[in-house]
Amino acid sequence: MPLPIETVHTDILVIGGGTAGCMAAITAKKLAPRLRVTVVEKANPTRSGCLAAGVNAINAYLREDGSAEDFLQYIRRENHGLVQPSLILTLASRLNKVTRFLEEIGLPFPKDKHQRYIFRGPRSIHVYGERIKPLLSRQTRLAGAELIDHVVITDLLVTPEQRVIGAAGFSLLRPKFAVFYSRAVICCTGGASGIYPSPGRSWYPPANRGSGYAMGIRAGAKMTSMEMRFVALRIASSMAPTGTITQEIPLPHRNAHGQEINLVGLTTSERLAAILRQEQQTGAPCYLDLSSVAPSQWMKTLTSYLDMCPSFFLDLATAFPSLKPDRLLLAASEPYLVGGHGMAGYKIYPDRNTTLPGLYAAGDVAGGMPKKYVSGCLAEGEIAAESTIAHLLPPPKEHPEVAKRAFQRAIASLASSSGAKPQELHRELHQIMDLYAGGKSSGYELKEGDLKLARGKLKDLKDKAKKIEARTLPELLKAHEFLDCLEVAEVAVEHLLYRRETRWPVYQSRKDYPTRDDHRWLVILNSSRDPQSGDITIEEEKLDKQTSGGMMYGDNYTVRPL
Amino acid sequence: MAIIILSDRCDGCSKHGEKRCASICPSNILAPDKHRELVVTAEEGCWECMACVKTCPREALALTYDGRTLLIARPLKQATWWKLERQPAGKHYFIRPATAAPKPSPDCGH
């Protein structure tokens with residue numbers, strides 16, 4: 001299949017037309033209307049990314065009397081002490097502003113009689129967010145940014161001096177390879193699903209395959225905290241969020257014997273560990289006890305799931321409209337790497353610049369700023385765009401040899417005819433990660449010996465993947481999604497090997513080092529891959545204590561036995 | 001749970017120039033097969049987000065777990081309307097979202 005090359009020059013290139021990407025483009029056009037801002041998205045930005053189905057709550061919103069400092073303390077506790085205050089404080093001050101922005105562009109929010117947002121939890125407000133993505137992408141167009149859909153970016157373009165000068169990828173609609181040169185690139189892609197196998201419906205969008213991480217790793221950008229996996233506690237089968245119900249009405253979590261599980265005072269990962277332990281002990285899933293929920297309340301909750309996870313509604317459809325279930329079974333997801341919930345992602349600085357000049361990151365792909373959710377991704381997109389414009393580099397010269405390398409890597413699998421199918425290779429990756437790198441079927445537990453086995457097997461798989469074969473453009477997409485997952489998996493395994501303690505139960509739980517060691521391991525791990533040799537180096541970064549008043553995590557917190 | 005395409009309702013978007021469901025799918029997994037009928041090409045890639053269902057002007061796509069109980073959605077001007085339809089009798093309920101103004105038709109339940 002011949003793939004003609006098309007070259008585009010723009011000022012700011014945004015990779016990924018999701019929450020952060022749309023906001024970055026809108027902000028850039030607002031600040032500098034004369035600059036050309038181009039958003040490239042691998043699907044259709046009207047419904048793509050994490051908000052494809054919508055959202056029913058904004059989970060990072062501060063109360064009037066809540067300060068950015070309180071938000072920082074909350075994240076410090078939730079994250080078991082590993083925080084970067086400068087990233088959290090720069091974002092926290094914008095959370096409410098960007099939420100109001102959503103309302104301004106037409107998203108309906110329920111209000112109380114004083115016209116205030118309605119809180120669902122301490123930092124969470126209700127929203128009728130089914131149309132958040134159509135509205136955000138529409139606003140991006142209205143702002144004057146150009147949206148290019150169905151183009152899959154495969155590589156960043158990096159000069160020998162390590163400046164990022166654009167990106168390149170192929171179109172899914174017609175045979176075409178697009179090379180974008182730009183003064184700056186803002187990477188706003190999603191996190192990574194597909195590193196571990198998903199037994200049913202995936203918690204995180206299956207289209208988000210960690211491509212943003214992978215292109216950064218290949219370019220030599222530093223990644224942070226890739227050992228902090230995220231595992232979600234969800235309603236079994238539909239993988240719908242539990243918070244929609246439990247934040248509204250405090251409901252007991254019970255084990256299979258009907259005993260209530262005490263979750264008071266636990267962090268999210270500790271709660272998950274407590275529930276999994278009960279599941280292990282009783283041999284059956286735990287459940288949410290709905291017996292105290294009134295039918296009218298239940299109907300309201302059920303319809304609010306339609307704004308975010310319609311599968312949940314349909315799961316209960318046999319009972320509709322007359323019945324309310326007594327219980328909802330709970331399940332834990334497979335592990336993911338995602339910077340919107342955990343910390344895995346690009347090593348970024350308060351300006352949302354990465355370690356490569358000309359490259360910024362925002363949203364799920366940006367690391368170090370956990371629990372940012374929708375409003376945090378909007379805020380981060382805004383910060384990244386502001387800094388990009390403040391430090392805009394001159395337009396780069398074309399680098400045909402750099403573009404050619406990207407082109408050759410992008411289409412390599414189209415030329416192959418050895419028969420290594422992307423789906424088959426992806427299944428092998430799943431098996432390796434699930435068995436040797438703490439997947440769901442191995443109880444999420446990690447051991448040095450297993451991780452070293454995983455390292456070796458991933459290396460073999462990478463050799464095998466040199467002969468990956470794709471015949472059509474959709475297959476080429478599958479091939480790249482696999483290669484990106486593999487790239488991310490390799491880095492994650494190195495991080496998991498390096499941290500010899502258990503910082504977060506379930507997320508990063510070492511069987512050979514089962515306790516948390518604040519004395520030795522209150523450090524952030526950053527890694528980079530040498531683009532020439534392929535070697536991954538990990539370095540430790542001391543916590544940024546200046547803005548946190550020097551308070552250490554261990555000072556005011558004790559570990560509760562589960 | 002899966003997306004199904006009701007071939008008796010689907011007209012291949014003959015009036016729209018592009019197959020709307022295929023164009024909106026975030027995972028790029030809706031495509032015509034060799035008989036030029038639309039199919040879900042990779043079930044494991046479906047997130048059940050229902051973007052395809054919402055964009056279909058003919059209610060030809062639905063989310064289902066048994067092939068008979070269909071969840072259909074259509075964004076109208078005020079809000080998105082949801083319909084739970086049971087085949088083969090065609091009995092259906094409309095689910096009124098909290099943001100919606102009036103009911104869409106006199107026959108709606110709930």
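**Reading a two-chain model**

Tutor: Let us begin with A:Tyr373, whose place is in helix H11 of chain A; helices (H or I, at least four residues) and strands (E, at least two) are DSSP runs, numbered from the N terminus. This is a predicted model, in which local features need pLDDT of at least 70 and side-chain atom pairs count only at pLDDT 80 or more, while totals for chains, interfaces and linings use all residues. Residues are numbered from 1 along each chain as its sequence is written, chains are lettered from A and ligands numbered from 1 in the order in which they are written, and side-chain values use heavy atoms, with hydrogens and water left out.

Student: What is the phi of A:Tyr373, and is the residue buried or exposed?

Tutor: Phi of A:Tyr373 is near 50°, a positive value in a residue other than glycine, and the residue is buried at a relative accessible area of 19%, where buried means under 20%, exposed over 50% and partly exposed in between (1.4 Å probe, protein chains only). Helix H11, residues 373-390, also holds A:Glu382, which is buried at 6%.

Student: Which residues does A:Glu382 contact, leaving aside its neighbours within four places in sequence?

Tutor: Contact means heavy atoms within 4.5 Å, and with those neighbours set aside A:Glu382 touches A:Met23, A:Thr27, A:Arg94, A:Lys97 and A:Val98.

Student: At what angle do the axes of helix H13 and H14 of chain A cross?

Tutor: Axes are lines fitted to C-alpha atoms, for helices over the stretch in contact, and angles run from 0 to 180 degrees between N-to-C directions. The axes of H13(A), residues 422-436, and H14(A) come within 9 Å and cross at roughly 170°. The two helices are therefore roughly antiparallel to each other, a term for angles over 145 degrees. Among the residues that meet are A:Leu425 and A:Ile432 in H13(A) and A:Leu451 and A:Lys457 in H14(A). By class the contact has 12 nonpolar, no polar and four charged residues, with Ala, Val, Leu, Ile, Met, Phe, Trp, Tyr, Cys and Pro counted as nonpolar, Asp, Glu, Lys and Arg as charged, and the others, Gly among them, as polar.

Notes. Angles under 35 degrees count as roughly parallel, over 145 as roughly antiparallel, 65 to 115 as roughly perpendicular and the rest as oblique.
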